[in-house]
Amino acid sequence: MGHSRKRLGRDGRPRYTAYYEDLRGVRHSGGTYGTRRESDRAWQKAEVRVAEGRANDPRRGRQTFERYVEDEWLPNHVMELTTRQGHTYSIRKHVLPWFGPMRMVDILPSHVREWITHLQTRTKIKPKTITNLKNMLSAILTTALNDQVVYIHAVKGVSAPTVPSKPMRIITPEQFDVLYASLPDADAQLVIETEIETGLRWGELTELRPKDFDQSTRVLTIS
C-alpha cells in the first residue's frame, strides 16, 4: 500500500516523500513534494501504473499503443542490436504515428487495413517494406495478446500487398567457366568451389574458419 512520509527539509520546512510497492513487493520512492496532497497523488498514480501490469486488469488495455511499445515492448523484446535499431526506427517512423494515440484495447483489424492502405496510397512504400512493417506490428500485438493486454490479435487475417517475385538469373556452365578462369588466385577459386558445392549464403561463406572443417570425417560445419 502506498503512503506519504513526512520529513523536514534543510530549510526546516516539512517535505513529503511518496512511496509505493511494485508487483514483487519492493518499495520505491515516487518523489518528494512540498505538500502531503501532492505526495499522495504521486503514489496513487504510481499504484495505477503498477496495476496496469497485472494480468486481467482492464486498465492495461486502456494504455496507449505508444506507451506499451516504448515502455514495455521495445525495452524488453529480445533482439540483436542491429535488428533493434532497425525496428525502433521503422516503428517510430511508420507505426507509432498511426497507432500511437490509440488505446491498445481499441485496435481492430479494420484499423490495420486502413493503415496498410495509407502506406500504399499516401506514403508510396514498397510492398516488401509494408510486409515487414506488418510483421513488426504483428510481433507487438502477439506479445500484448500473450500478456493479456489485448484479447484479439488485430493483425490476424489482414493481408499485405503481394510482394512481386524477382526472376532468378542462373548462369550457364560455360559462363561459370569463364568467371572461374578469371579469378585472381587459387584461394578465390576455392571459395567459389565451396559456394557452388554447398550453396552457402555469402555471410556464411566468408565466416568459414579452418576449425569448421573436420579432416577426419571430411565434414564442414556451418554455425
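Predicted model: local features only at pLDDT ≥ 70, side-chain atom pairs only at ≥ 80, totals over all residues.
Two residues are in contact when heavy atoms of theirs lie within 4.5 Å. Leaving aside neighbours within four places in sequence, Leu 137 is in contact with Phe 65, Val 95, Phe 99, Val 112, Trp 115 and Val 155.

Leu 137 belongs to the largest nonpolar core, which has 30 residues. The residues with the most contacts inside this core are Leu 137, Phe 65, Ile 91, Phe 99, Val 112 and Trp 115. Two or more residues each come from helix H2 (65-76), H3, H4 and helix H5 (127-146). H5 gives the largest share, seven residues. Another core, of six residues, lies apart from this one, and includes Ala 18, Tyr 20, Ala 42 and Val 50. In soluble globular proteins, nonpolar side chains tend to be buried together.

Phe 99 and Trp 115 make one that is edge-to-face, with 5.4 Å centre to centre and 70° between the planes. Phe 99 lies in helix H3 and Trp 115 in helix H4, so this pair ties together parts that are 16 residues apart in sequence. Phe 99 has a relative accessible area of 0% and is therefore buried; Trp 115, at 0% relative accessibility, also counts as buried. Together with Phe 65, these two residues form one aromatic cluster.

The surface has a nonpolar patch as well. Leu 108, Tyr 151 and Ile 152 form this patch, with about 300 Å² of accessible area together. Leu 108 is located in the loop between helix H3 (81-99) and helix H4 (109-121). With a relative accessible area of 36%, Leu 108 is partly exposed.

Notes. Residues numbered from 1 in each chain as written. Heavy atoms only, no water. Patch = residues over 30% accessible without salt bridge, like charges linked within 9 Å, V, L, I, M, F, W, Y side chains within 5 Å. Areas by Shrake-Rupley, 256 points an atom, 1.4 Å probe, with all protein chains shown as cover. Salt bridge = Lys/Arg side-chain N within 4 Å of Asp/Glu carboxyl O. Helix = DSSP H or I, 4+ residues; strand = E, 2+ residues; numbered from the N terminus. Buried < 20%, exposed > 50% of the residue type's maximum accessible area, 1.4 Å probe, protein only. Core = buried A, V, L, I, M, F, W, Y, C linked by side-chain atoms within 4.5 Å. Phe/Tyr/Trp six-rings, centres within 6.5 Å; stacked < 30°, edge-to-face > 60°.
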